[in-house]
Amino acid sequence: MNRRTVVTVCRKLARAYGPLPANRPADPVDELVATILSQNTSDVNSHRAFANLKRRFPRWEQVASARSAAIASAIRSGGLANIKAPRIQRVLNEVRRREGAITLKRLRTMPDREAIAYLTSLPGVGMKTAACVLLFSLGRPVMPVDTHVYRVTRRLGWIPEHTPVERAGFLLEPHIPARRMYGTHICLVWHGRRTCKAQRPRCGACAIRMHCRFFRSKNASAV
């Protein structure tokens, strides 16, 4: 894996799937809650849940202090509402305890690794969620590794097959130009959802199969 290959792969995926959506940075707390809501559901459902939550509780202090049942009702469309509601409240209350208010503006002055350490020390916040806050909200060159990014990058041979998912981002980031981190992440997610599926990957329709270790090994074994 090298930077030239990364850029080539990203360009091919962008041509295959269309132009990248603009990244419109949200407040870090908004991004943190939205990422929690996105877990184990579709983008459509998580976006609807977030909009419902903000409509019913315009301020995060209201969310932190409300009954969990009321929060769960507001985010029902996002799935796992009875689990996500208390999780969101625990995170918000811990931020308020540390900062004196529900704000993550201090992240803006922290180095990337320090900011990740801060976020992952919050209750129930893992590496992927922390990386999403840094990439999407703060524009930091950090790679969120969800199930799609993890699967595609292992098949490409960009990371070793048995790399722990928590380590994957650290291995990928040095090889991805900072200005292309957002686009590379989006393209890898699209590719994992539409073509490089967990079961029955559509290798014949893959725009980057010639760069893929999985494709080459599969075809070599068929010879």
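A polar contact is a pair of N or O atoms within 3.5 Å; within protein, one atom must be able to donate a hydrogen and the other to accept it, and residues adjacent in sequence count only if both atoms are side-chain atoms. The model is predicted, so that local features need pLDDT of at least 70 and side-chain atom pairs count only at pLDDT 80 or more, while totals for chains, interfaces and linings use all residues. Residues are numbered from 1 along each chain as its sequence is written, and side-chain values use heavy atoms, with hydrogens and water left out.

**Arg155**

The side chain of Arg155 reaches the backbone oxygen of Ala198 at 3.2 Å. Arg155 belongs to helix α9, residues 147-156; helices (H or I, at least four residues) are DSSP runs numbered from the N terminus. The residue is buried but has no salt bridge, and Glu161, the nearest side chain of opposite charge, is 7.2 Å away. Buried denotes under 20% relative accessible area, exposed over 50% and partly exposed in between, with a 1.4 Å probe and protein chains only. A salt bridge requires a side-chain nitrogen of Lys or Arg within 4 Å of a carboxyl oxygen of Asp or Glu. In the count of charges, Lys and Arg are positive and Asp and Glu negative, whereas His and the chain ends are not counted. Apart from neighbours within four places in sequence, Arg155 is in contact with residues including Cys196, Pro201, Cys212 and Phe214, where contact means heavy atoms within 4.5 Å.

**Cysteines**

With a disulfide defined as a pair of cysteine sulfur atoms within 2.5 Å, the count comes to zero. Cys10 is in no disulfide, the nearest cysteine sulfur being that of Cys187 at 3.8 Å. Cys10 counts as buried because its relative accessibility is 8%. The sulfur of Cys203 lies 6.4 Å from the closest cysteine sulfur, in Cys212, which is too far for a bond. Cys203 is likewise buried, at 11% relative accessibility.

**Aromatic pairs**

Rings of Phe, Tyr and Trp (its six-membered ring) pair if their centres lie within 6.5 Å; planes under 30 degrees apart count as stacked, over 60 as edge-to-face and the rest as tilted.

| Pair | Centre to centre | Angle between planes | Class |
|---|---|---|---|
| Phe50 and Trp60 | 6.1 Å | 50° | tilted |
| Phe136 and Tyr182 | 6.0 Å | 90° | edge-to-face |

Phe50 lies in helix α3 (residues 43-56) and Trp60 in helix α4 (residues 60-65), so this pair ties together parts ten residues apart in sequence. Phe50 and Trp60 are buried. Phe136, in helix α8 (residues 127-137), and Tyr182, in helix α11 (residues 181-194), link distant parts of the chain, 46 residues apart. Phe136 and Tyr182 are both buried.

Technical notes: Helices (H or I, at least four residues) and strands (E, at least two) are DSSP runs, numbered from the N terminus.
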